[in-house]
Amino acid sequence: MSQGPSRFYLTTPIYYATGEPHIGHAYTTFLADTVARYHRQAGLRVLFLTGTDEHGQKIQEEADGRGMTPIELCDEMAARFEEAWGHLDISYDRFIRTTEAEHVAVVQAFLTRLQERGLIYEDEYSGWYCVHEERYWTSKDLTSEGACPECNRPVREIEEKNYFFRMSRFQEDLVRHLEKNPDWILPQSRQNEVLGFLRQPLSDLSISRPRSRLAWGVPLPFDPEHVTYVWVDALINYVTASGAITPEGEGFDDVSGSWWPADLHIIGKDILTTHAVYWPTLLMGAGLPLPRRILAHGWWVAGETKMSKSMGNVVDPLALEEEFGKDAVRWYLIREMPTGHDASYTPERFLARYEELANILGNLASRVISMIVRYRDGAIPPAPGEGLRAQEDEARRRYREAMEALRVHEAMAAAMDFAREANGYVEQRQPWAQAKEEGRETELDETLATLARALAALTALLFPVMPAKMEELSRGLGLDEPPTLDELGELDLRGRRVEKGAGLFPKKPLEAMGPSSS
Ligand code: ME8
């Protein structure tokens, strides 16, 4: 069904069902959506997975605090995420919830497999636990104040019987895998970080909690008095959704015919260790192939500080969307953050990126369509339209190269540079002068055909990041939908009727950013 180069399986993290989707979740999900749409446009069959992480102490405590049962909270939050993603045009193929029966069965099958291979043992655990990160820490991991090294929150001391996975056995195999695949984790700095981490001896991984302390989880198949550690449960979602393992536990020895292994896990850098150390060693333990690539992107900060719910400084993407439209929010987040690095959210930068859309792309589209209406009665002239062909080819080359290397912001910059060149071409050709002077009809035809073609190329390049606006623009050019990059080669626009729209990106004042911007 889904082996070989004609398929692409990509995932986002599954987000905790404890709070509303915020701009950080939206960024990861937009990035994945852009990559998914790019691959679909290139003719690949795509499985794009997202979902919610619904077990563990964090969920249990949040539900208790709200006077709800955990499943009531999860039902409400999963619906909230699905609604937000639907609203923001996320083209996911599968939304997984870790409370689904199929997933619970696959987690149990996975653990049974590890158990049968002699990789699970029982021992006393004593150490520290951070509920917010759902992570175990040793004393030497903690900050000098004795807090969680990841989020700086207080940690709890734990002493209990746990089951452990023999993660340490796979340390050497993992180092070898990283050395053999220098681009396994992008950006490179994250790959180095993981290699650095693996210079210390790797300990075994606690994979369970006693039911007496935490009931909200997947019972261990070999000891129902314990539930599965939520990170182990959560990571396995990627295999569940691939269809590799049946609920009866079949499939470990042959994943062909399923979507496994994933081509790309997109995550934030906060969850690098769980994805680049726990996950591959668990897969090695189960005898399953590893994901082909991991992209660990950077962090959105507000001014100088990390954006987080507890800091009260998270930006609500849906509020921005109401004022500026979803594609402007998608554009800002994808274009502004150099993929893999941190970026700071400011209302001024948001507006600057919006103006880029309005002044360069929106302006080009409205000028070109208006001139075709005024000078050629709304029909794209039957001229070759080759005036910007070299620039277009170069933009496509840069765009493809950047997308394949997952430098998505650079791909978008290449598209926008091409729009700038098209505006420059208008200035240089001066179609209004060509229209006024006798005998320049052929020249004017060529100018307008070239510009119409440039716009069509822009709809192809920008569709993955701004699907709704690029569909609107392609309809304005008399096309049913944006062409794919491959279709551009043979695109014939001659005689197509253009249509003036309402303006793609209406001008907005700074005040539109809300009170915080003044
Ligand atoms: O960690 N900037 O879920 P989560 C950029 N359930 N990205 C951000 C961000 C920010 N300020 N804040 C959040 C979990 N993110 C686990 C995952 S996967 C098997 C289990 C994004 O709800 C980023 O992708 O805390 C980060 O990795 C993810 O949200 C964490 O989401």
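**The ligand and its surroundings**

Guide: A nitrogen atom of the ligand has a backbone N or O atom of Trp 300 at a distance of 2.9 Å. Taken alone, the ligand exposes 680 Å², and the protein buries 94% of that area. The model in view is a predicted one.

Oxygen atoms of the ligand also take part in contacts. A polar backbone atom of Tyr 16 is 3.0 Å from an oxygen atom of the ligand, and a polar side-chain atom of His 297 lies 3.5 Å from an oxygen atom of the ligand.

The shell around the ligand consists of 23 residues, of which the closest are Ile 14, Thr 28, Asp 53, Asp 270 and Trp 300. By class, this shell has 12 nonpolar, nine polar and two charged residues. At least two residues of the shell come from each of strand 1 (7-16), helix 1 (23-41), helix 7 (230-235) and helix 8 (237-242). Strand 1 gives the largest share, with four residues.

Helix 1 leads on to another space, for helix 1 and helix 18 (485-488) each supply at least two residues of the lining of the largest cavity. The residues that line this cavity are Tyr 38, Gln 41, Ala 42, Arg 400, Leu 485 and Asp 486. Three of the lining residues are nonpolar, one is polar and two are charged. The largest cavity holds about 50 Å³ of space. Because domain 1 (7-297) and domain 2 (347-490) both give residues to its lining, the largest cavity lies between them.

The count of cavities of 30 Å³ or more comes to two. The second largest cavity contains about 40 Å³ of space. Its lining includes His 55, Tyr 129, Arg 209, Trp 216 and Val 230, and by class the lining has five nonpolar, four polar and two charged residues.

There is also an open space to consider, the second largest pocket, with a volume of about 850 Å³. It is lined by 33 residues, and those closest to its centre are Trp 137, Asp 141, Phe 197, Ser 203 and Tyr 278. Strand 4 (120-130), strand 5 (135-137), helix 6 (188-197), strand 8 (205-206) and helix 9 (272-286) each contribute at least two residues to the lining of this pocket. That lining is made up of 15 nonpolar, eight polar and 10 charged residues.

Note on methods: Residues numbered from 1 in each chain as written. Predicted model: local features only at pLDDT ≥ 70, side-chain atom pairs only at ≥ 80, totals over all residues. Heavy atoms only, no water. 1 Å grid on protein atoms, 1.4 Å probe; cavity = no way out; pocket = protein on both sides within 12 Å on 5 of 7 lines; lining within 4 Å. Points joined across faces, edges and corners; volume = space filled by probe spheres on them. Nonpolar A, V, L, I, M, F, W, Y, C, P; charged D, E, K, R; others polar. Near = heavy atom within 4 Å. Polar contact = N/O pair within 3.5 Å; in protein donor to acceptor, adjacent residues only side chain to side chain. Areas by Shrake-Rupley, 256 points an atom, 1.4 Å probe, with all protein chains shown as cover. Domains from an automatic or database assignment.
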